[in-house]
Amino acid sequence: MIFLSKKRNYRLFLFVLLLADILAVGGLGIVRLKNAIPDTVYIREGQKDDLTKLFDLPMVTYPETIDVSDQGSYQIPCSLLGIFPLKQVQVETVEEKVVSVGGTPIGLYMETQGILIVDTGEIIGEDGISREPAENIAKSGDYILAVNGSPVTRKKQLIQKIQESQGKSMELLVSREGEEIPIALNPVKTEDDSYKLGIWVRDNTQGIGTMTYMEESGKFGALGHGISDTDTGELLDVSGGELYEAEILSIRKGTKGAPGELSGYIEYQEEKKLGTIEKNTEKGIYGRLDNWQQPLNMKAPVAYKQEVKKGPAKIMTDLGDGVQSYEIQITEIYEERADTNQAFEIQVTDPELLAKTGGIVQGMSGSPILQDERLIGAVTHVFVQDSSKGYGIFIENMLW
C-alpha cells in the first residue's frame, strides 16, 4: 500500500509539472500573439485596403464589420477566440505622405548633453603609487553636468576645474540613468605636477551614415538607429549636433565574421554644413536641413507596415559613384518586432553590390528601401556571419 501511494503521488507530481508546462507555454504564446498585433495602424484617406490581413493570426478574432472612416481615428478590438480580450488597435487616418528619397552619405557631429564618463582607471601619483580615485564612485555612462555647483559642458572646462582644485575634493553632479546625483572625487597629483580624477571622458562623437529621407519643410530622418557610444554601448544623450557633406573614399568588403565598412571623408568646414541634428533616438537621428546643395533623388510616397510584403525590393545607397539602386529580397517580416529597428530581414541579391561590398556594410545604415515604388523603410543592421543579410526598420517608425 505504501508503494502504491508513492507511485500515485509521483504520477500526481508529474501531472502537476505537465500542467504547469502547458500553462507556461500557453501564457508565453498569448504574450507573443498579443505582441504580434500592432498597437497603431495608419491608413491613407480614402484607402480601401482590407485591414484584416493585419490580424491574420491564429485564434485572433475581431468584429466582422469595421467602419472605416475617411477622417479621424477608430479602434479595432482583438480577442482570443472571441472570448479573451487581447488588444485595442488604434487606426489613424492620415494624408498621403511623399518625401524625397535619400541614399546620400552624410557626416555627423554631435555634442553630448554633459560630459560622458567612458570609464575609470588608475593614476600614478607624484609619489609613484598607483591610485584609482573614481573606483566605485563614478560609473561608465555617467554624464557630468556640473562641478562644484558650476555647469560644465566641454572637456576643456572640466580639465581646467580639476587643475584649479589643487587636489581638494571636488563635487560632481552627474546624470545616471535619468537621475541627477552628486558624487565626490579627490584629484591625484601626478609626476608632471598636474591633477587627475582617474576618469576617461568624451563630449562629442562623429561618423558617417546615410540619409534616409527629406521633407519639403527641411526635416530629415537618417540611420534608422541611434548613435551609441563605442565604449559604453549606451545611446548618447546629445544636446545637438551638425550635419556635413561627406564623400566615400574606399570600401572594405564584408566577410563571414567581419562586417565591412564604408570609409569616407567628412568636410567640417562651415560652407559644407548641411543642417542641424536635433534628436538621437533608437530609431534614427532627426534634424533640419538649411544648406542642402546636392540634387535631390526621386520622390516617393511612404508605405505603412501593413503594405510591406516578402519579395523583391531595392535599396538606394552611394558607394562613391553617386546614389544607385540595388536589388534585394525581403525574406522575413517580424510582426512582434514591428516597432523596432529590426522589423524585417533583407538579403542582397544584386550581383554588383555583392561584388563591391559583400552585401551590407557599416556606413550603409539609413539606406532607404523601396518596394512597389514606395519608401517602406531603411537598412539598419548587418548579420556578422553573413554580410549579404541584415535588418530593416519600417519607415513609419522613422517619420517625425
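This is a predicted model: local features need pLDDT of at least 70, side-chain atom pairs count only at pLDDT 80 or more; totals for chains, interfaces and linings use all residues.
Q: What makes the approach of the Asn341 side chain to the backbone oxygen of Glu282 a polar contact?
A: The two come to 2.9 Å, and the cut-off for a pair of N or O atoms is 3.5 Å. Leaving aside neighbours within four places in sequence, Asn341 is also in contact with residues including His225, Thr380 and Tyr391.

Q: Why is the pair Tyr244 and Tyr268 called edge-to-face?
A: The ring centres are 5.1 Å apart, and pairing needs them within 6.5 Å. The planes stand at 75°, and over 60 degrees counts as edge-to-face, so that's the name the pair gets. The two residues are 24 apart in the chain, with Tyr244 in strand β17 (residues 238–252) and Tyr268 in the loop between β18 (261–266) and β19 (273–281).

Q: Are Tyr244 and Tyr268 buried or partly exposed?
A: One of each. Tyr244, at 5% relative accessibility, falls under the 20% limit and is buried. Tyr268, at 36%, lies between 20% and 50%, so it is partly exposed.

Q: What makes Phe383 and Tyr391 an edge-to-face pair?
A: Same test: 4.9 Å centre to centre is within 6.5 Å, and 65° between the planes is over 60. Here Phe383, at 21% relative accessibility, counts as partly exposed, whereas Tyr391, at 17%, counts as buried.

Q: How do you know that the charge of Lys279 sits over the ring of Tyr286?
A: The charged end is 5.1 Å from the ring centre, and the distance limit is 6 Å. Lys279 also lies over the face of Trp400, at 4.8 Å from the ring centre.

Q: Which residues touch the most other members of the largest nonpolar core?
A: Among the 25 residues of that core, they are Ile315, Ile328, Ile330, Phe344, Ile346, Ile369 and Phe394. The largest share, 4 residues, comes from β23.

Conventions
Residues are numbered from 1 along each chain as its sequence is written. Side-chain values use heavy atoms; hydrogens and water are left out. A polar contact is a pair of N or O atoms within 3.5 Å; within protein, one must be able to donate a hydrogen and the other to accept it, and residues adjacent in sequence count only if both atoms are side-chain atoms. Contact means heavy atoms within 4.5 Å. A nonpolar core is a set of buried Ala, Val, Leu, Ile, Met, Phe, Trp, Tyr and Cys residues joined through side-chain atoms within 4.5 Å. Buried means under 20% relative accessible area, exposed over 50%, partly exposed in between (1.4 Å probe, protein chains only). Rings of Phe, Tyr and Trp (its six-membered ring) pair if their centres lie within 6.5 Å; planes under 30 degrees apart count as stacked, over 60 as edge-to-face and the rest as tilted. A charge sits over a ring if NZ of Lys or CZ of Arg is within 6 Å of the ring centre and within 35 degrees of the ring normal.
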